[in-house]
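Could you walk me through this protein model as a set of questions and answers?

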Amino acid sequence: MKPLLEIKNITMKFGSLVANEDVSFTIHENEIVSLIGPNGAGKTTLFNCITGFYKPYCGNVIFDGKDITGMAPHKICRLGVTRTFQIVKTLNEMTVKENVMTGAFLHTNNRKKAEEIAEEILDITGLTPKKDVLGANLTIADRKRVEIARALATNPRILMLDECMAGLNQTEIKDVMSLCLKLKEKGLSLLIVEHIMEAIMPISDNIVVLNAGKKITEGPPQEVVNNEEVIKAYLGERYHAKSKKS
Ligand SMILES: Nc1ncnc2c1ncn2[C@@H]1O[C@H](COP(=O)(O)OP(=O)(O)O)[C@@H](O)[C@H]1O
Ligand SMILES: [Mg+2]
């Protein structure tokens, strides 16, 4: 099967600092891939390279067979590659529904149509009861959910989530996990950057591990968490021991 997104030999430098070095992997339609690695490994930089916020130093990003390397972010988004930001960008003076509508305006100028799209997304993301709450009055979990909802309103084929579970409690994390699986069921692909292994293990088809800018391995969750290099670079003995015990 042809991949939906191909990351091909991406290298990104900031002066002499190599933030991504020759990183390659693919994501297929209807697949959840997680990207893990220690802080500073280059995960957010790679998101920025894929979504046009940075032009990679070399390498290519191919989406649905089309080379999108270095295209403007809004054009990449319009094609169906949408991301959320590690630092949430909720619009404080707007309601939840209006926040989500800003995503819908990518494909329509019609307010009524944007409202319809937003309402459908609010329903999918469980935000309907909070649709009239101002962005400024939301909890962190709701802000993160709004961020996902706004991204979904752009009608992506691949949704990229950058640490959208950080700072959430167990119940809230479970909610985001269910939402990810629900989106997969609806046919989306997801690329997830996340530190909470207990959350990504059960929902990921594949895990890609970055360390110091380089991909050190990729594979199914169970294989990756038992990989010696991954344990040494990132997981430590904690997760390894725990997953062996259970
Ligand atoms: N805009 C930037 N300018 C200079 N250095 C950057 C910039 N963005 C990230 N870096 C550096 O690139 C490396 C990777 O960062 P980042 O992609 O944010 O890692 P992660 O998301 O995995 O924590 C880090 O050393 C970071 O300091
Ligand atoms: Mg990051």
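Here are the questions and answers, starting with the whole chain and moving on to its parts.

Q: How does the radius of gyration of the protein compare with that of a compact globule of 246 residues?
A: Keep in mind that this is a predicted model, so every value here is computed from predicted coordinates. The C-alpha atoms fill a box of roughly 55 × 40 × 35 Å along the principal axes. For 246 residues, a compact globule would have a radius of gyration near 18 Å, and the protein agrees with that at 18 Å.

Q: What share of the contacts between residues at least 6 apart in sequence joins residues at least 24 apart?
A: The secondary structure comes to nine helices and 10 strands, and 40% of the 246 residues count as buried. Among the contacts between residues at least 6 apart, the share that joins residues at least 24 apart is 64%.

Q: How far apart do the C-alpha centres of domain 1 and domain 2 lie?
A: The domain assignment gives domain 1 as 5-80 + 156-245 and domain 2 as 91-155. Taking the C-alpha centres of domain 1 and domain 2, the distance between them is 24 Å.

Q: Which elements give two or more residues to the side of domain 1 that touches domain 2?
A: The contact takes 10 residues from domain 1 and 11 residues from domain 2. On the domain 1 side, the residues divide into seven nonpolar, one polar and two charged. The elements that give two or more residues to this side are helix 2 (73-79), strand 7 (158-162) and helix 6 (170-185).

Q: Which element gives the most to the shell around ligand 1?
A: The residues around ligand 1 are Phe14, Leu17, Ala19, Gly37, Asn39, Gly40, Ala41, Gly42, Lys43, Thr44 and Thr45. By class, they divide into four nonpolar, six polar and one charged. Strand 2 (17-27) and helix 1 (43-50) each supply at least two residues, and the element that gives the most, with three residues, is helix 1.

Q: How many of the eight residues of helix 1 are buried?
A: The buried residues of helix 1 are Lys43, Thr44, Thr45, Leu46, Phe47, Asn48, Cys49 and Ile50. Helix 1 is therefore largely enclosed by the rest of the structure, and its buried count is eight of the eight.

Q: Which residue takes a positive phi just after helix 1?
A: Helix 1 covers residues 43-50, so the place to look is just past its end. The phi there is about 85°, and the residue that takes it is Gly52.

Q: In strand 9, which residue is the bridge partner of Ile36?
A: Ile36 is in strand 3, where Ile32, Ser34 and Ile36 point one way, Val33 and Leu35 point the other way, and all are buried. With five of its five residues buried, strand 3 is largely enclosed by the rest of the structure. Four bridges join strand 3 to strand 9 (residues 206-211), and the two run parallel. In strand 9, the bridge partner of Ile36 is Val209.

Q: In strand 8, which residue is the bridge partner of Ser34?
A: Strand 3 (residues 32-36) is joined to strand 8 (residues 189-193) by four bridges, and these strands run parallel. In strand 8, Ser34 has as its bridge partner Ile192.

Q: Is Lys97 buried or exposed?
A: Lys97 is in helix 3 (residues 96-104). Beyond its neighbours within four places in sequence, Lys97 is in contact with Ala118, Leu122, Lys131 and Asp132. A residue counts as buried if 20 or more other C-beta atoms lie within 10 Å of its own; Lys97 has 21, so Lys97 is buried.

Q: Which helices are included in what covers the buried residues of helix 3?
A: In helix 3, the buried residues are Val96, Lys97, Asn99, Val100, Met101, Gly103 and Ala104. Because seven of the nine residues are buried, helix 3 is largely enclosed by the rest of the structure. What covers these buried residues includes helix 4 (111-124) and helix 5 (140-152).

Terms used: Residues are numbered from 1 along each chain as its sequence is written. Chains are lettered from A and ligands numbered from 1 in the order in which they are written. This is a predicted model: local features need pLDDT of at least 70, side-chain atom pairs count only at pLDDT 80 or more; totals for chains, interfaces and linings use all residues. Domain bounds come from an automatic or database domain assignment. Two residues are in contact if their C-beta atoms, placed from the backbone, lie within 7 Å. Ala, Val, Leu, Ile, Met, Phe, Trp, Tyr, Cys and Pro count as nonpolar, Asp, Glu, Lys and Arg as charged, and the others, Gly among them, as polar. The radius of gyration is taken over C-alpha atoms; the globule rule is 2.2 Å times the number of residues to the power 0.38. A residue is buried if 20 or more other C-beta atoms lie within 10 Å of its own, exposed if 12 or fewer, and partly exposed in between; C-beta atoms are placed from the backbone. A residue is near a molecule or strand if its C-beta atom, placed from the backbone, lies within 6 Å of it. Two strands pair if DSSP finds at least two bridges between them.
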